[in-house]
Amino acid sequence: MKPGQFEQHAIPANGMSAQSISTAFDQMSTQDVRWRDGKAFSLAYNAGPDVLAVAEEAYRRFSGANALNTAAFPSLRQMQGEVLEMAGVWLGSTTNSAGYFTSGGTESILMAVKAARDQFRSDSSITHPNIVLPTSAHAAFDKAAAYFSVELRRVAVLPNWRADVAGMAAAVDQNTIMIVGSAPQYPQGVIDDIPELAALAQRRGVNCHVDACMGGVSLAYLGRLGYQIPPWNLQVDGVTSISVDLHKFGYTSKGASVIMYANKRLRSFQGFFTDQWLGGIYASSGMLGTKSGGAIAAAWAVMHFLGDDGYLRLTRSARVATEKLAQHITTHPHLSLLAQPDALLLSFVANEPTRLNVYAVADEMWKRGWYIDRQEPPQSLHCTVNAVHETVIDDMLADLDSCVSIALDTGMSGDVGAYGTLS
Ligand SMILES: Cc1ncc(COP(=O)(O)O)c(C=O)c1O
């Protein structure tokens with residue numbers, strides 16, 4: 001190499017064969033978490049090879065189609081519309097409701113915040129808008145606040161990890177545009193008191209967003225399976241928007257979420273429009289411009305392939321695994337749940353953190369291929385349980401016990417890691 005040059009991956013002088021590309025993928029992914037085998041308790045969801053095959057085939061067929069302009073792709077317009085209507089049933093949509101398909105929970109949340117900001121810009125004299133939300137609400141709200149110049153007022157949760165409605169009421173002022181609740185919240189997996197939060201929002205004349213990115217599918221089915229699920233969706237008076245991720249418990253390909261508004265006017269503040277350039281009229285519904293049809297087609301395909309009974313079956317499987325995990329930790333001599341799970345996610349701590357470092361347990365689990373999220377405060381491990389776990393949960397629990405013993409015996413410490421990375 002000449003001085004001043006640095007090593008970098010170069011485009012091959014001659015194209016590679018499809019076979020050697022596939023081999024390269026195999027080599028590169030040897031260290032990836034084996035989520036198809038149920039090894040991931042975070043980041044990935046799996047309802048089995050048949051569902052995956054349907055999603056991948058749909059994605060392949062529409063990956064090059066562009067939902068930026070559905071005039072050119074009426075198929076995508078139809079699929080988006082039908083996905084929204086199907087998801088709308090889970091979300092308690094009314095005839096006034098209207099939504100958009102987005103690329104994920106983060107985009108759905110960003111858009112709910114932008115719509116609320118622009119609605120209040122249009123209807124009030126608020127110049128320094130704020131949002132009142134519990135400390136448990138997802139980090140995407142911090143991103144939305146940073147992107148759209150809105151102040152966030154995070155209020156500490158109650159000892160049971162649920163939103164402190166009275167504390168939030170005290171944080172609302174004349175510049176508040178939105179109150180947030182989660183169904184369920186990510187860190188401890190519990191559902192906020194949505195009726196109380198929505199009533200507060202109504203009394204103060206502000207919007208109420210329910211983050212059901214995690215629960216929008218599973219809560220609809222848990223209720224039907226006989227679990228006591230408190231009201232959480234657009235059927236609750238005062239809820240003005242709600243988000244649900246189809247790429248989580250909808251078991252479709254990544255890049256699929258829905259943001260649903262209580263009315264069309266609020267939705268109208270989500271879109272972006274300009275004609276101030278040389279390319280004519282430009283309009284887009286969300287953060288993206290060009291938007292692959294792949295995720296839309298995969299969502300449509302998986303929802304039709306699974307059907308209502310498929311989601312009921314998958315929710316039951318995931319709940320069986322969640323309850324096994326919860327029960328195991330409840331009776332564990334060294335671990336404790338932070339809360340009994342309201343849906344399909346939970347987190348747990350060490351009974352004696354000075355003797356047992358839970359991040360060391362996660363490190364040991366990772367050596368055995370299990371990927372578990374780490375979080376704080378408090379220092380805890382987090383599991384998102386889905387249908388694929390029903391068949392592997394006993395193995396996972398056996399490994400968890402061994403890993404706790406190793407971490408106790410060696411007194412190892414571990415690192416909190418990160419929920420996402422900048423790379
Ligand atoms: C409650 C909740 N809201 C929002 C999000 C953000 O979703 P995404 O990662 O799809 O952007 C997540 C992700 O885990 C979540 O758990």
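**Domain interface and ligand surroundings**

In this predicted model, the side chains of arginine 224 and aspartate 308 are joined by a salt bridge, with N and O 2.7 Å apart. Across the interface of domain 1 and domain 2, 2 salt bridges are found. The interface also holds 14 residue pairs in polar contact, both residues of each pair being at pLDDT 80 or more. On the side of domain 1 that touches domain 2, α8 (218-224) and α10 (293-330) each supply at least two residues. The most is given by α8, with 5 residues. By residue class, this side of domain 1 divides into 19 nonpolar, 5 polar and 2 charged residues.

The two domains themselves are set by the domain assignment of the protein chain, which places domain 1 at 55-303 and domain 2 at 307-408. Their centres, taken over C-alpha atoms, are separated by 28 Å. In the interface, 26 residues of domain 1 are in contact with 28 residues of domain 2. The size of an interface is often expressed as the accessible area that is lost when the parts come together. For domain 1 and domain 2, the area buried between them is about 2300 Å², and 61% of it lies on carbon and sulfur atoms. Of the area that domain 1 buries against domain 2, Tyr186, Tyr221 and Tyr251 supply 25%, more than any other three residues.

The ligand has 13 residues around it, of which Thr106, Asp211, His247, Lys248 and Tyr419 come nearest.

Over the whole structure, the search finds 18 salt bridges. One of the salt bridges links arginine 121 with aspartate 118, and the closest N and O atoms of this pair are 3.6 Å apart. Both residues belong to helix α4 (residues 105-123), and because they are 3 residues apart in that helix, about one helical turn separates arginine 121 from aspartate 118.

Key: Residues numbered from 1 in each chain as written. Predicted model: local features only at pLDDT ≥ 70, side-chain atom pairs only at ≥ 80, totals over all residues. Heavy atoms only, no water. Domains from an automatic or database assignment. Contact = heavy atoms within 4.5 Å. Buried area = accessible area lost by both parts, 1.4 Å probe. Salt bridge = Lys/Arg side-chain N within 4 Å of Asp/Glu carboxyl O. Polar contact = N/O pair within 3.5 Å; in protein donor to acceptor, adjacent residues only side chain to side chain. Helix = DSSP H or I, 4+ residues; strand = E, 2+ residues; numbered from the N terminus. Nonpolar A, V, L, I, M, F, W, Y, C, P; charged D, E, K, R; others polar. Near = heavy atom within 4 Å.
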